[in-house]
Amino acid sequence: MFLMRDAERTPHAIWEALQAGNRRFMNFEETRPNQDHRRRVELTAGQEPHAVVLACSDSRVPVEMIFDQGLGDIFVIRTAGEIIDLAVLGSLEYAVQGLHVPLIVVLGHESCGAVAATQAALDGHEIPGGFQRVLIEKVSPSILEARAMGKTTTEEFEAHHVAETVDQIMSRSPEIKAAVAKGRMGIVGVRYRLSDGLAEPVVEIGVEA
């Protein structure tokens, strides 16, 4: 059985370990690793996560459970609609440069509220007030671009927003782009299906064997 702790710290090996964990989750065969007293004590000395995941804040998308991982295995950043701001970019760069993770995962999902609200706003419905408006502003470029490409379904919009978020990370962070170019790390985008538990790949960069 291929567990995260057995994997080499290469982008390919870590991505394979996460996918294996997701298959276990889908099939109700979770091992729930690194969740005992010994692991808690180990982590008092510091952390060495294998991947950083930028995920939507949706309560139906529990990152460690989806990939069957435990304490200290994944550095998780969560925002509604997995949108990016300067704090998110800073957190990603800390994970890459400070914690030396070899893999970034952007995790969107089925029935994303931020994507649905943006679709509604672009179709003429009322835009949420307060700071929620920022979510619409951040997701709108992805939806508009997807529509310009001829995409029409919510599933296509959700997947395109994940891919666009990956592109933003690469274009806005020279440090991350350089690490990917040197083969030191990979970045993948996935759309999690609430219906069956699959973390379905949308884009994969630098995770080849």
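Trainee: Quick one on Gly81: buried or exposed?
Mentor: Gly81 counts as buried, because its relative accessibility is 1%. Buried means under 20% relative accessible area, exposed means over 50%, and partly exposed is in between, with a 1.4 Å probe and protein chains only.

Trainee: Before I go on, what kind of model is this?
Mentor: It is a predicted model: local features need pLDDT of at least 70, side-chain atom pairs count only at pLDDT 80 or more, and totals for chains, interfaces and linings use all residues. Residues are numbered from 1 along each chain as its sequence is written, and side-chain values use heavy atoms, with hydrogens and water left out.

Trainee: Back to Gly81. Where does it lie?
Mentor: In the loop between β2 and α4. Those labels are DSSP runs, numbered from the N terminus: helices are H or I with at least four residues, strands are E with at least two.

Trainee: And what is Gly81 in contact with?
Mentor: Cys56, Cys112, Ala114 and His161, leaving aside neighbours within four places in sequence. Contact means heavy atoms within 4.5 Å. There is also Val139, 58 residues apart from Gly81 along the chain, with 7.3 Å between the two C-alpha atoms.

Trainee: Now the sheet. What is the strand order?
Mentor: β2-β1-β3-β4-β5. It is an open sheet of 5 strands with mixed pairing. Two strands pair if DSSP finds at least two bridges between them.

Trainee: Which strands stand at the edges?
Mentor: β2 and β5. Each has a single partner strand, so one side of each has no neighbour in the sheet. From one strand to the next, the twist averages 20 degrees.

Trainee: How do β1 and β2 pair?
Mentor: In the parallel sense, over 6 bridges. Leu54 has Ile77 of β2 as its bridge partner. Ala55 stands opposite Arg78 in β2.

Trainee: And β1 with β3, how many bridges?
Mentor: 4 bridges, and the two strands run parallel. Val52 stands opposite Ile104 in β3. As for cover, β1 is largely enclosed by the rest of the structure, because 6 of its 6 residues are buried.

Trainee: How many residues of β4 are buried?
Mentor: 7 of its 7, over residues 186-192. Gly186, Val188, Val190 and Tyr192 point one way from β4. Ile187, Gly189 and Arg191 point the other way.

Trainee: What joins β4 to β3?
Mentor: 7 bridges, with the strands running parallel. Ile104 stands opposite Ile187 in β4.

Trainee: And which way do β4 and β5 run?
Mentor: Antiparallel, joined by 6 bridges. Tyr192 has Ala199 of β5 as its bridge partner. The two strands form a hairpin with 6 residues between them, and Gly197 in the turn has a positive phi of about 90 degrees.

Trainee: New topic: the largest nonpolar core. Which residues touch the most other members?
Mentor: Val52, Leu92, Ile104, Ile169 and Ile176, out of 23 residues. A nonpolar core here is a set of buried Ala, Val, Leu, Ile, Met, Phe, Trp, Tyr and Cys residues joined through side-chain atoms within 4.5 Å.

Trainee: Which element gives the most to this core?
Mentor: α4, with 5 residues. β1, β2, α4, β3, α7 and α8 each supply at least two.

Trainee: What does Ile169 contact?
Mentor: Leu54, Ile84, Leu92, Ile104, Val106, Ile176 and Ile187, leaving aside neighbours within four places in sequence. There is also a second, separate core of 20 residues, which includes Phe25, Val53, Leu103 and Val105.

Trainee: Which residues make the contact?
Mentor: From α5, they include Ala114, Val115 and Leu122. From α6, they include Leu135, Ile143 and Arg147. The contact residues divide into 10 nonpolar, 3 polar and 1 charged. Ala, Val, Leu, Ile, Met, Phe, Trp, Tyr, Cys and Pro count as nonpolar, Asp, Glu, Lys and Arg as charged, and the others, Gly among them, as polar.

Terms used: Axes fitted to C-alpha atoms, helices over the stretch in contact; angles between N-to-C directions.
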